[in-house]
Amino acid sequence: MTLFFLGIASVLLGGLSALALRRQASLAAIAFGVLVGLGCALAVVPAIRVLAGGVVPDLRLSAAVPGGDWVFGVDPLSAFFLVIVLTVGAASALYGISYLAPEAEHRPVAASHLLMSLEIASLAMVVTARAAMPFLIAWECMAVLAYFLIVFESDHAEVRRAGLVYLIGTHTGTLALIALFAFWAQFAGNLSFDALAAASPRIPAEGALVFALGVAGFGFKAGLVPLHFWLPGAHGAAPSHVSALMSGVVIKMGIYGLLRLVILVGAPPAWWGWLVLSLGLISGVLGVLWALAQHDLKRLLAYHSVENIGIILLGLGIGALGLRYHAPVVAVLGFAGAVLHTLNHALFKSLLFLGAGAVLRATGTRLMDRLGGLARRMPFTWTAFLIGSVAIVGLPPLNGFVSEWVVYQALLGSAQVPAARAAILAVPGLALIGALALACFAKVGGAVFLGRPRSPAAEAGGEVPRSMLGPMFALALACAAIGVAPMIAVVPAIRVGASIGGLGGGPMRAAAAAVGPSLLGISLLAVLLVVLAGAGWWLRELVLRRRPRAWSDTWACGYAFATPRMQYTAASFAAPLLHAYAPAAGVQVERTAGAFHTHPKDLVLDRLVLPLWERLRRGAFRARPIQHGRLGSYLLYLLGALLLLLLYLAVRVEGVGP
Amino acid sequence: MSWSGIAAVAIVLFIAPLLPGLAAKTKARLTGRRGAPVHQLYWDLARLWRKGAVYSRTTTWIFRFAPVVLVLTGVLAALFLPLDGQRGVVTFSGDLVAFAYLLALGRFFVVLAALDTGSSFEGMGASREVTVAAFAEPALFLALVALVLATGRLSLTGILGAPLAHAWPAAAPALAMVAVSLFLVLLAEGSRVPVDDPATHLELTMIHEVMVLDHSGPDLALLLYGSALKLALVGALVVAVIAPRAALPPLVGLAVLVLGLMVVAGIIGVVESVMARLRLDRVPQFLTAASVLAALGVILMLVA
Amino acid sequence: MVLLALVVLPALAAVGAYAHRAPEWRAPWLGLGAALQLGLVIFAWISPPPPLFDGWLALDALGLVVLTTVSVLFAVVASYAVGYLRRENPRGGRAFVACLLAFQAGASLVALSHHFALLWVGLEAMTLAVAPLIFHRHDRRSLEAVWKYLVISSVGIALALLGIFFLATAQAAAPAGTRPLVLEDLVAGARQLHPAWLRASFVFLLIGLGTKMGLAPMHTWKPDTYGEAPCVVGGLMAGTLTSCAFLGLARVTEVSAAAGIGPFIQPLLLGFGLLSMAVAAAFIIGQTDLRRLLAYSSVEHMGLLVVGLGVGGVGAYGAVLHMVNNALVKGLLFLAVGNVLLNLGATSPARSGILRRAPLSGVLLLVGLFAVTGSPPFGPFLSEFAIVSAAFRGGHYWIAGAVFVLLAVIFIGIGARILDVVHGPASGDAPAPREDPWLVTGPAMLALAVLVLGVYIPRPLFEALSNAAGALGGWPP
Amino acid sequence: MQGLPELLLLLVILTCFVVLGTTRLSACIRAVAWQGLLLGLLPLALYPRGGPHVWGLTAGTILVKAIVLPRFLRWAIREAAVRREVEPLVGYVVSLLFGVVVVAAAFAVSRTLPLAEPAREMLVPASLATVVIGLFVLTTRMKALLQVVGYLMLENGVYLFGLTHVERIPFLMEAGVLLDVFVGIFIMGIVVFHINREFDSLDSAHLSELTD
């Protein structure tokens, strides 16, 4: 634990040095990078130890405020999320150095670095806190700091708006969590997690209210449909490395919270499992569908976060059902799939956001219909982005496939659990999600990197500096590693899954045995893919070396291939699918003589939340006349209140005698 | 990993180009024409392989890499199917997911290659391809889920093996529906009528053909072979569902498979001669129907 | 003697400040008054002073908490006022400083008096001392504001007096030798009090003191007054005046709790509390004037306090703690807003971009925002948490639910406005002036205090709060 | 109707009705002055042998409520160049009827609030009636000055009730209360004076700028 806090301290020190040395930019960059990197490296050590089966003693600070001692500890779940926080956090922070550098003169870059390190620290605190008070404090710090990271470009009105929507969403979630613990407190001696867990049997209706509030509170953070409405705007508006952190780590804290809840309360009621499962399905399908409709690269990626949260929730839901219906292996696999996909999504989604950031830096636009042909100008970025795309679509030989496969295993495994058999219907849903994701990333790759540039900006784009490529390739490497050698991630994930269910070593070993051979098979498949692809490429080159090779324009069926504008746009590419899924896709189609446009609308934010708020506002303004400024009526209110109370007095005066 | 298995894979890899020819032949005969010889595709592939290649200046390595990936994924997917009726060359619990996702990987790269050319035609084809796939994938998985429920196994070898044979008498109607929906999926994956028309010569109406418009020479050969192989694999899946051969000795099973594939190709030909290509925005309905069939099968299994 | 000094010294300082015509002597007088009182308070913490005048003046836990809060707040306001008087010298500032000190003397009297009539005198004195402060600009708007303030709160305080007389009547049957209207004897003999008169007195005191606290629907004077008064005065009113009025209400609640008419008063408290929060929410939505916004936020928090009293148990503890937090946060917010007005001009309609023009004040405003909306790790979070958990514990699930919904709405309203001010497009291209340390130090101290109270409650303070809660029939968490 | 106190209390109520019914500001002020005088006499009537405490109370009350404040108010309107009519929101007749209802209600309510010593039982209804009528005047009269008058009546009502405790609440207390009332009215008067100067009228309807 000391090592952990040492690391966090070093991270914070890095942020402070960035602020202190802001006059000498290069020095500040070095200090920030070194200290943050070192700190993350230090702090991850205890986590690794725990995931390897070791134990780290808790740290307990005697109570300074009511609610019991402040305890910090690292159990398998915390350790797993700690790894996510620190790896992605370090990558984003390091990337941020040169990503923000061009803004140094007109925006508070140093402050942003400091906020970043604070954010990493509070994330680490969230996953290690073992009592309600420090948990809530760390939680709110994480949320609010994230807000300030998002509104870095606060001179743009839409950034401010997105930030406000985010803040409102997250604060509402926090209120739900406060309600959760305030309700729970009445059954427990104090607010330490141990006490709360001990008190959980006393919660009426097997903790129904706690679980419901948990879904509301943590759901806002995780961004599951329909609580996702803050997410696309915030991720789109934030600086790219912040989006990477938000999408990769911050929203995952919602998942962490739900899993922690399961640990504390024990097997959730059946309805909760089904609820989470169906929420996962809805979020997955709608998320990817809405992603297809986007034209803004970062908003598109943001909606994919919603989709992947859906996949994670599928695992979580089936795990909960397995727990409830005493199918330990299904439970372990479900939870393991959830945490594993959390890790994988953190890796490839932050990779993708960093790639998007590189595109943004190079071309200055996020609109896909202005981009194109970047594969030639930014080959390294394109390679990294392609790896991320294959991973997020869940294709072999990368990590996305591994975690989706584990979730599939859990869902298919429910065939053996009579009470939960219906859960297997989620399998085709997951397949649909995969197919749609494939369509979406074909669209992204095609529109942004392939074909010909659609605008001068895209023509101008060039490769970004190494300091930005480095983090991207580090993440890509991690994706490939987990894809080729799944055991390194799956085995710890299974340990975590077992710990979540409160299941002993037995189920853990059973689950490990159940997937062990398959993992070997997957690993073999991945190796074959890589090796044979290389061999095939080499063979093909060998063959073609002796053949005439000519270069010309793209064959346009007899026409001369005139302008890049003739290329298929992202909008047209997605149109058939969106048309098939209307109205759920939530796009407004606009056909003019010369053009075809689709305008994405968020069904929840634009059709539900904002209208409701508008109605509330109008209602509030209807109350304004109360304060119309005439003293006489003010006194009348007073008189009225007095008479009302006297009436109450008269009613209640008999009854209780002296 | 049995020798019969490997032999089976080799044979399927070899006869794959035969199937489109057979379909075309059947169609020709039924429409009173003589038609091209059955082995036409072999000749085409050979000729293309010997040719040189012309590349668009717009394209990048993706364009040239995709054909390799398509064939490779097809070959690897073949390893999972119990082609000899006994067991796949590689098999593990949950490999059915790997099977489907391998095919998806191939599709992903072909689509990217199409977009790499920056041509509006190939963009159009790519868009249609992913649309069709997005509707075919759930149907395929629903069918697989039905098989999982019927057999209680999680590997292709398992769900297509002995237990399936035992499940047939109990759940004949459900399995029949599953088989039909798998056949519809086959039509889509193999880009046949009524989803796509390989014989058309108007780019605006094609799906798969228009995607590979710009490829030439060996690349085109690889692409054509890859799609033929995909047809063969899904066909093998259909055959395996209709005629589980776990009881038969490997060689007989293999013979049954080859025969079955011929029959399937024949049926495709028949369908193509009696049906016209659907309007593109009707395709989703068509494939949704496939999903619904499979879903009915699954529901029957669940309530049983 | 300490108790007497606590009241008399500020009063004498007021007289001195008024008598002493030299302008440069105003800040010293103010500082002297504040410092003396703060010192006495610290002394009172170290050695609890004995009661005075046959128990009319005494210092119990609740009084001590209130006294400490108001004197800390006053010290900060005094330091701020030094800078403020430099910037805009309100008509010489002689009456200004004198009234500030007189107001503080009244506040101390309220905090110390255990005799209800004496408490009333103190409240009335505060009420009147503030009037000239509100009216210092001598324009039509401030005239209207002070008129409404005077009439409404005078009516309220008159009704409170009637309530106090009722209380005396309820005591009529008390055995000989009981000191009339003295808190200890009222509590001791609570069971002999005449229930009908006691209830009547509670009703009138609730209306009267509620008017001074600003509970809906008696809150109408608040937005106008806070909207027109200078921010120094606004902070003092929102922090000190409300706390003193709440103290009065808490005293009656003490008696009622002892007399066992809780079932009678609980619905009243809960009803007024929720109504106040609801009205505040309705007026906070879309509120553009910063000071009116703060006024309604004050209404909201008064409602929260009363809800805390109503749910009882840990809620009582939460209410007392929340009174402290609210006083500090309101002081912080009003002073920060004061800086905003000084920096961006009180007249410019669209004020924003304070974070660029005056970073320190901007940060202070942000701290105030998150503190006042009850976000961890700031003090108000702990107190609100105590109140809502008490509501759950008492089985008032609907009350708790309503509170949470209203808190969410209010957060949206306040957040939208304040964040717009903090980092909107910077209005006014004039180079930002250096921030006057006098105008920043005080609020910064308050911000620090609010933060500390959120993560660390000192042992003595906790005991004081617990005793106060105990007196109100509640208990610590 | 036995004894002097009851008679005085009746007169107090009558003065309330005068304020409700009269049309001229000066008449209202005179009525309030009379009310002050009656209030001053009441302690003597209630506690004939009350000693210096009662005498002091009487003296102070008469001085403040019957002499100083009315003069002060008269000064305020003499300064004010305004029409001297009351211009009520609610007509005189209705006001008077309201007064009657209030008095009746006051008597009814005070039955449920028994006093320790029945001799004073008419104090309660009288004070309640005065309080409510004072509030009524405050709310229904637009002239700022009349609102001050209404407040004064309100205070008088409260004071009336306070008389039930003359021997229990020591003189110091009474003095403090009296002083506060005096200062309160005084400040109000000053504000009224300013309102006059600003708006050339005592009509508080002008004071409705501050709204939401």
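# Helices, chain contacts and domains

Helix 9 of chain B and helix 11 of chain B lie roughly antiparallel to each other, because they pack at an angle of about 170° and angles over 145 degrees count as roughly antiparallel. The model you are looking at is predicted. Among the 4 pairs of chains in contact, chains A and B share the most contacts.

- Helix 9 of chain B covers residues 172-189 and helix 11 of chain B covers residues 217-242.
- The axes of these two helices are 9 Å apart.
- From helix 9 of chain B, the residues that meet helix 11 of chain B are Leu175(B), Val178(B), Ala179(B), Leu182(B), Phe183(B), Val185(B), Leu186(B) and Glu189(B).

**Where chain A touches chain B**

- The contact between these chains involves 68 residues of chain A and 61 residues of chain B.
- Which elements of chain A give two or more residues to the side that touches chain B? They are helix 15 (374-377), helix 17 (399-413), helix 18 (426-449), helix 22 (505-545), strand 3 (549-552) and helix 23 (570-581) of chain A.
- Helix 22 of chain A gives the most to this side, with 15 residues.
- By class, the side of chain A that touches chain B has 46 nonpolar, 15 polar and 7 charged residues.
- Strands also link the two chains: strand 3 of chain A is joined by 4 bridges to strand 1 (residues 53-56) of chain B, and the two run parallel.
- In strand 1 of chain B, Tyr55(B) is the residue that stands opposite Trp551(A).

**The other chain pairs**

- Chain A contributes 11 residues and chain D contributes 13 residues to the contact between these two chains.
- The side of chain A that touches chain D divides into 5 nonpolar, 4 polar and 2 charged residues.
- Chain B and chain C have no contact, and their closest C-alpha atoms are 41 Å apart.
- Chain B and chain D have no contact either, with 56 Å between their closest C-alpha atoms.

**Chain A on its own**

- Chain A has 25 helices and 5 strands.
- Its radius of gyration is 27 Å, close to the 26 Å given by the globule rule for 658 residues, so chain A is as compact as a globular protein of that length.
- Taken along the principal axes, the C-alpha atoms of chain A fill a box of roughly 115 × 70 × 60 Å.
- The domain assignment of chain A gives domain 1 (270-514) and domain 2 (605-653), and 50 Å separate the centres of these two domains, taken over C-alpha atoms.
- Strand 4 (residues 587-591) of chain A and strand 5 (residues 596-600) of chain A run antiparallel and are joined by 5 bridges.
- These two strands form a hairpin, with 4 residues between them.

**Chain C on its own**

- Chain C has 19 helices and 0 strands.
- A compact globule of 477 residues would have a radius of gyration near 23 Å, and the 21 Å of chain C agrees with that.
- The C-alpha trace of chain C spans about 70 × 55 × 45 Å along its principal axes.
- Chain C is divided into domain 1 (1-260) and domain 2 (263-477), with 21 Å between the domain centres, taken over C-alpha atoms.
- How many residues of each domain are in contact with the other? Domain 1 of chain C has 43 and domain 2 of chain C has 48.
- Helix 3 (61-87), helix 8 (195-213), helix 9 (221-228) and helix 10 (231-259) of chain C are the elements that give two or more residues to the side of domain 1 that touches domain 2.
- Helix 10 of chain C supplies the largest share of that side, 15 residues.
- By class, the side of domain 1 of chain C that touches domain 2 has 23 nonpolar, 15 polar and 5 charged residues.

How values were computed. Residues numbered from 1 in each chain as written. Chains lettered and ligands numbered in written order. Predicted model: local features only at pLDDT ≥ 70, side-chain atom pairs only at ≥ 80, totals over all residues. Contact = placed C-beta atoms within 7 Å. Nonpolar A, V, L, I, M, F, W, Y, C, P; charged D, E, K, R; others polar. Pairing = 2+ DSSP bridges. Domains from an automatic or database assignment. Axes fitted to C-alpha atoms, helices over the stretch in contact; angles between N-to-C directions. Parallel < 35°, antiparallel > 145°, perpendicular 65-115°, else oblique. Rg over C-alpha atoms; globule rule 2.2 N^0.38 Å.
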